[in-house]
Amino acid sequence: MDVSVFLAALGISLLELTEAGAIAAIYHNIYKNNLPFIYAVLGVAVVLIPTFTVGRLIYLVPLNYVLLASAVILFYFGYRLIRSARRSFKGIRKKGEEKEEGLSVVFTVSAIEGFEAALVILALIPQSYSSALMGAILASFLVVVLTAILKSQVARIRLPHLKFVLSALLFSLGTLWISEVVFDIPDVILPLFFLAYLGINYAIIKI
């Protein structure tokens, strides 16, 4: 098993699916039934099932091109995560974050969260399909269990610290894969990249 791929898939899936679970929990409190959870599961499944079936064919593309494209995707989502974490730490709120009520909203938001996770997972699959799959499955299980047990608490979850750490991991993997293509460096240098990006992210948060 590729531990770095497993952790990245676990982290991004846990982050995005927790947000989907939180939306479902909010509307569960409104509708007083389990329909929001069903719609949330359907929204995520519509995206992630094709990701792990059709998406595995990405190995047919030459590896270097896949690594470079995957690195760009990871950098993009790493940037989005640290930007979101910075807003949370500084107490900045974007206008229009409140969502209208409705089961269609639960489905749509869940599908979007699943899609964001899928983009990162697609970038991880060429490195280790089984590790990416295991990370996503474990994250899904954890989100289902925690949401079922802690419905009201999950609805109020804030995730700035998880976004902070996951952003550093995505930046690190992106840097590693670019370095593998350009310099052919070994994977063992990943922890150094991770520590460096934790420091960079901390500086960004403090700016």
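Buried means under 20% relative accessible area, exposed means over 50%, and partly exposed lies in between, using a 1.4 Å probe and protein chains only. At 15% relative accessibility, Thr-175 therefore counts as buried. This is a predicted model, where local features need pLDDT of at least 70, side-chain atom pairs count only at pLDDT 80 or more, and totals for chains, interfaces and linings use all residues. Residues are numbered from 1 along each chain as its sequence is written, and side-chain values use heavy atoms, with hydrogens and water left out.

**Overall picture**

- The protein chain has 8 helices and 0 strands. Helices (H or I, at least four residues) and strands (E, at least two) are DSSP runs, numbered from the N terminus.
- From the N terminus on, the order of elements is α-α-α-α-α-α-α-α.
- The chain has 207 residues, and buried ones make up 46% of them.
- Take the contacts between residues at least 6 apart in sequence: 85% of them join residues at least 24 apart. Contact means heavy atoms within 4.5 Å.

**Helix H7**

- H7 covers residues 160-182, which is 23 residues. From first C-alpha to last, H7 reaches 33 Å, close to the 33 Å expected at 1.5 Å a residue. The expected span is 1.5 Å times one less than the number of residues.
- Of the 23 residues of H7, 17 are buried, so the helix is largely enclosed by the rest of the structure.
- Thr-175 sits in H7. Leaving aside neighbours within four places in sequence, Thr-175 is in contact with Phe-75, Phe-193 and Tyr-197.
- Glu-180 is also in H7. Glu-180 counts as buried because its relative accessibility is 17%. Beyond neighbours within four places in sequence, Glu-180 contacts Leu-67, Ile-185 and Asp-187.

- Asp-184 lies in the loop between H7 and H8. Its relative accessible area is 65%, so Asp-184 is exposed.
- Phi of Asp-184 is near 55°, a positive value in a residue other than glycine. Most residues other than glycine have a negative phi.

**H7 against H8**

- Helix H8 spans residues 190-206. H7 and H8 pack at an angle of about 130°, with their axes 8 Å apart. That makes H7 oblique to H8.
- Axes are lines fitted to C-alpha atoms, for helices over the stretch in contact, and angles run from 0 to 180 degrees between N-to-C directions. Angles under 35 degrees count as roughly parallel, over 145 as roughly antiparallel, 65 to 115 as roughly perpendicular and the rest as oblique.
- H7 passes H8 in a right-handed crossing. A crossing is right-handed if the near helix is turned clockwise from the far one by less than a right angle, and left-handed if anticlockwise.
- The H7 side of the contact includes Phe-164, Phe-171 and Thr-175, while the H8 side includes Phe-193, Tyr-197 and Ile-205.
- By class, this contact of H7 with H8 has 14 nonpolar, 5 polar and no charged residues. Ala, Val, Leu, Ile, Met, Phe, Trp, Tyr, Cys and Pro count as nonpolar, Asp, Glu, Lys and Arg as charged, and the others, Gly among them, as polar.

**H2 against H4**

- H2 (residues 35-53) and H4 (residues 103-124) pack at about 30°, with axes 8 Å apart. That makes H2 roughly parallel to H4.
- The crossing of H2 and H4 is right-handed.
- Among the residues in contact are Tyr-39, Gly-43 and Val-47 of H2, and Phe-107, Gly-114 and Ala-118 of H4.
- The contact of H2 with H4 holds 18 nonpolar, 4 polar and no charged residues.
- Ile-49 lies in H2. At 54% relative accessibility, Ile-49 counts as exposed.
- Ile-49 and Ala-118 are 69 residues apart along the chain, and their C-alpha atoms are separated by 9.6 Å.

**Helix H3**

- H3 (residues 63-89) has 27 residues. H3 reaches 38 Å from first C-alpha to last, close to the 39 Å expected at 1.5 Å a residue.
- Just after H3, Gly-91 takes a positive phi of about 70°.
- Leu-68 lies in H3. At 35% relative accessibility, Leu-68 counts as partly exposed.
- Leu-68 and Trp-177 are 109 residues apart in sequence, yet 6.9 Å apart in space, C-alpha to C-alpha.
- Not counting residues up to four places away in sequence, Leu-68 touches Ile-178 and Val-181.
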